[in-house]
Amino acid sequence: MTLSHSSDRSLASIHAKNLLISFNQQILFSAADLHFSQGDVIYLQGDNGSGKSTLMKLLAGLIKPNQGQITSQGFAPQTWWRPSSLLGKAVYLHQHPYLFEGTVKYNLTYALDQRALAPEQRKKRIKQAIHMAQLTDLLNHNASDLSGGERQRLAIARAWIAQPKLLMLDEPISNMDKHSQRLVLAMINQLKQDGTGLLISSHQTCGLTALCQQHWHIKQCTIHTSIHVPQTDDLHDTHTTELHYGTSN
Ligand SMILES: Nc1ncnc2c1ncn2[C@@H]1O[C@H](COP(=O)(O)OP(=O)(O)OP(=O)(O)O)[C@@H](O)[C@H]1O
Ligand SMILES: [Mg+2]
């Protein structure tokens with residue numbers, strides 16, 4: 001059964017086969033066949049410690065599996081100084097994103113340096129990103145002074161500007177207030193409209209997971225894939241979570 005767009009060889013994709021990863025002689029998970037392709041929007045579910053972040057790091061080429069092959073197709077040819085053929089392909093956005101030293105503005109403009117865009121397009125895209133992430137008032141702030149939610153917004157705005165073909169978002173709305181969640185949801189929706197392949201981990205079904213068309217579930221040390229995404233119990237789930245977060249303790 002075809003679960004993804006990966007059969008179209010012109011699209012950028014990552015394919016993992018017979019994957020097995022273990023730490024300290026303990027199997028974390030195995031996966032028979034995973035396809036992650038442009039146009040896919042995948043909800044990655046799993047309990048704490050089940051291996052969601054580890055899977056993303058594997059697909060990003062940051063760590064190696066104990067067994068299995070991870071291959072890619074549809075990307076520009078590698079340069080000789082990149083030792084791993086996977087590095088730089090599926091971009092991994094960490095739960096606690098890394099930002100460059102300097103201002104918010106610097107972080108946003110640096111993201112564009114690697115892209116061959118005409119100056120007018122560059123300006124337009126940066127402006128759009130600032131608007132979407134509502135970062136106008138923070139442009140001259142040092143990125144290291146931002147709150148957790150603001151950092152996440154900036155990191156996603158930067159990713160949106162850079163337009164990777166495949167993007168993995170690790171818990172992109174955790175610990176965010178309602179306002180930031182809505183902004184991030186809109187940005188992720190925009191990435192989806194642009195055709196970016198998205199792999200998104202989240203602990204709850206919410207507006208974010210409602211955007212997804214496939215479901216990868218790590219349970220009992222195996223990754224199960226399906227085209228049936230668990231339904232959002234309530235589209236206002238994210239809001240409810242935020243209220244609990246904000247009012248408890
Ligand atoms: N380099 C490592 N060495 C040893 N154990 C590791 C290493 N990296 C991850 N682990 C272990 O693998 C397990 C899975 O970690 P991972 O961060 O992938 O889980 P997760 O599903 O992302 O969890 P969470 O929902 O809490 O973010 C954890 O028990 C973790 O301690
Ligand atoms: Mg994690």
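Predicted model: local features only at pLDDT ≥ 70, side-chain atom pairs only at ≥ 80, totals over all residues.

Me: Fine. How many helices and strands are there in the protein chain?

Reply: The chain has six helices and nine strands. It holds 249 residues, and buried ones make up 36% of them.

Me: Why is Tyr92 called buried?

Reply: Count the neighbours. Tyr92 has 20 C-beta neighbours inside 10 Å, and a residue is buried if it has 20 or more, so Tyr92 counts as buried. This residue is found in strand 5, residues 90-93.

Me: What is Tyr92 in contact with, leaving aside its neighbours within four places in sequence?

Reply: Its contacts are Met56, Lys57, Ala60, Leu62 and Met168. Take Met56: it is 36 residues from Tyr92 along the chain, yet their C-alpha atoms are separated by 6.5 Å.

Me: And what makes Ala162 partly exposed?

Reply: Ala162 has 18 other C-beta atoms within 10 Å. Buried needs 20 or more and exposed needs 12 or fewer, so a count in between gives partly exposed. Ala162 is found in helix 4, and its C-alpha is 9.4 Å from that of Arg125, 37 residues apart in sequence.

Me: Which residues in helix 4 are buried?

Reply: Those are Gln152, Arg153, Leu154, Ala155, Ile156, Ala157, Arg158, Ala159, Trp160 and Ile161.

Me: How do you know that the length of helix 3 agrees with what it should span?

Reply: Helix 3 covers residues 119-132, which makes 14 residues. The expected span is 1.5 Å times one less than the number of residues, and for helix 3 that comes to 20 Å. The end C-alpha atoms are 20 Å apart, so the two values agree. Helix 4 passes the check too: with 15 residues, it reaches 21 Å from its first C-alpha to its last, close to the 21 Å expected.

Me: What is found just after helix 4?

Reply: Gln163, which takes a positive phi of about 50 degrees. It is a residue other than glycine, and it lies in the loop between helix 4 and strand 6.

Me: Is Glu171 buried or exposed?

Reply: Buried. Glu171 has 20 C-beta neighbours inside 10 Å, and the cut-off is 20 or more, so it qualifies. Glu171 lies in the loop between strand 6 and helix 5, with a positive phi near 50 degrees.

Me: Which residues of the largest nonpolar core touch the most other members?

Reply: Of its 56 residues, they are Ile42, Leu59, Ile156, Ala157, Met168, Met187 and Ile200. Helix 4 gives the largest share of this core, seven residues. Ile156, leaving aside its neighbours within four places in sequence, is in contact with Leu93, Ala133, Pro172, Val184 and Met187. In soluble globular proteins, nonpolar side chains tend to be buried together.

Me: How do you know that strand 3 pairs with strand 7?

Reply: Two strands pair if there are at least two bridges between them. Strand 3 (residues 41-46) and strand 7 (residues 197-201) are joined by four, so they pair, and they run parallel. Leu44 stands opposite Ser201 there. Strand 3 also runs parallel to strand 8 (residues 214-219), with five bridges, and Gly46 stands opposite Ile218.

Me: What do strand 8 and strand 9 form?

Reply: A hairpin, with two residues between the strands; Gln220 in the turn has a positive phi of about 45 degrees. The two strands run antiparallel and are joined by five bridges. His217 stands opposite His224 in strand 9.

Me: One more. Which residues are around ligand 1?

Reply: They are Phe23, Leu28, Gly46, Asn48, Gly49, Ser50, Gly51, Lys52, Ser53 and Thr54. That shell divides into two nonpolar, seven polar and one charged. Helix 1, residues 52-59, supplies the largest share, three residues.

Terms used: Residues numbered from 1 in each chain as written. Chains lettered and ligands numbered in written order. Near = placed C-beta within 6 Å. Nonpolar A, V, L, I, M, F, W, Y, C, P; charged D, E, K, R; others polar. Core = buried A, V, L, I, M, F, W, Y, C linked by C-beta atoms within 7 Å. Contact = placed C-beta atoms within 7 Å.
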